[in-house]
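This report describes a protein chain, residue by residue and then element by element. The sequence and structure come first.

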Amino acid sequence: MKVCANCGGKIKSRQNFCPTCGQVAQLVVVDRGAARWAVLGFICPVLGAILYLIWHKRRPNTAKSAGLGALISVGWVVSIMLMVVVGITIGLEVVE
Ligand SMILES: [Zn+2]
């Protein structure tokens with residue numbers, strides 16, 4: 001199923017013209033910033049970063065979702081590591 005780039009009407013895959021407005025059918029890549037890509041980027045930030053690099057030109061919204069998920073994930077891990085390091089440092093100072 002294709003979608004008309006001009007009017008958004010549905011075009012059957014065998015049709016070359018839009019039945020609604022008569023525009024020549026063009027293949028439109030669906031580019032919605034889907035939450036599932038953000039979740040995927042969060043679970044696996046490396047994959048999210050790779051998807052961002054692959055898609056940032058052709059599917060900017062989807063790429064943004066994947067990249068954002070990856071960034072949040074990395075930020076989360078870094079902040080936990082910082083807390084652990086600070087906690088250990090404070091703990092050592094107390095012991096000494
Ligand atoms: Zn149309």
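Arg-32 is placed in the loop between strand S2 (10–11) and H1; helices (H or I, at least four residues) and strands (E, at least two) are DSSP runs, numbered from the N terminus. This is a predicted model, in which local features need pLDDT of at least 70 and side-chain atom pairs count only at pLDDT 80 or more, while totals for chains, interfaces and linings use all residues. Residues are numbered from 1 along each chain as its sequence is written.

**Individual residues**

Arg-32 counts as exposed because it has 10 C-beta neighbours inside 10 Å. A residue is buried if 20 or more other C-beta atoms lie within 10 Å of its own, exposed if 12 or fewer, and partly exposed in between, with C-beta atoms placed from the backbone. Not counting residues up to four places away in sequence, Arg-32 touches Asn-61 and Thr-62; two residues are in contact if their C-beta atoms, placed from the backbone, lie within 7 Å.

Lys-12 also has its place in the loop between S2 and H1. With 10 C-beta neighbours inside 10 Å, Lys-12 is classed as exposed.

Gly-9 sits in the loop between strand S1 (2–3) and S2. Its 14 C-beta neighbours inside 10 Å make Gly-9 partly exposed. Apart from neighbours within four places in sequence, Gly-9 contacts Cys-4, Cys-18, Pro-19, Thr-20 and Cys-21.

Val-39 belongs to helix H1. Val-39 is partly exposed, with 15 C-beta neighbours inside 10 Å.

The table gives C-alpha separations for these residues.

| Residue pair | Apart along the chain | C-alpha separation |
|---|---|---|
| Arg-32 and Ser-65 | 33 residues | 9.0 Å |
| Lys-12 and Gly-91 | 79 residues | 67 Å |
| Gly-9 and Thr-20 | eleven residues | 6.4 Å |
| Val-39 and Gly-69 | 30 residues | 5.9 Å |

**Domains**

The protein chain is divided into domain 1 (1–29) and domain 2 (31–96), with bounds that come from an automatic or database domain assignment. Taken over C-alpha atoms, the centres of domain 1 and domain 2 are separated by 38 Å.

**Nonpolar core**

The largest nonpolar core has eight residues: Trp-37, Ala-38, Leu-51, Tyr-52, Trp-55, Ala-63, Ala-66 and Ala-70. Such a core is a set of buried Ala, Val, Leu, Ile, Met, Phe, Trp, Tyr and Cys residues joined through C-beta atoms within 7 Å. Two or more residues of this core come from each of helix H1 (35–43), helix H2 (45–55) and helix H3 (60–95). Trp-55 touches Thr-62 and Ala-63, residues up to four places away in sequence not being counted.

**Packing of H1 and H2**

H1 and H2 pack at an angle of about 130°, and their axes are 5 Å apart. Axes are lines fitted to C-alpha atoms, for helices over the stretch in contact, and angles run from 0 to 180 degrees between N-to-C directions. H1 is therefore oblique to H2; angles under 35 degrees count as roughly parallel, over 145 as roughly antiparallel, 65 to 115 as roughly perpendicular and the rest as oblique. Trp-37, Leu-40 and Gly-41 of H1 make the contact with Pro-45, Leu-47, Gly-48 and Leu-51 of H2.
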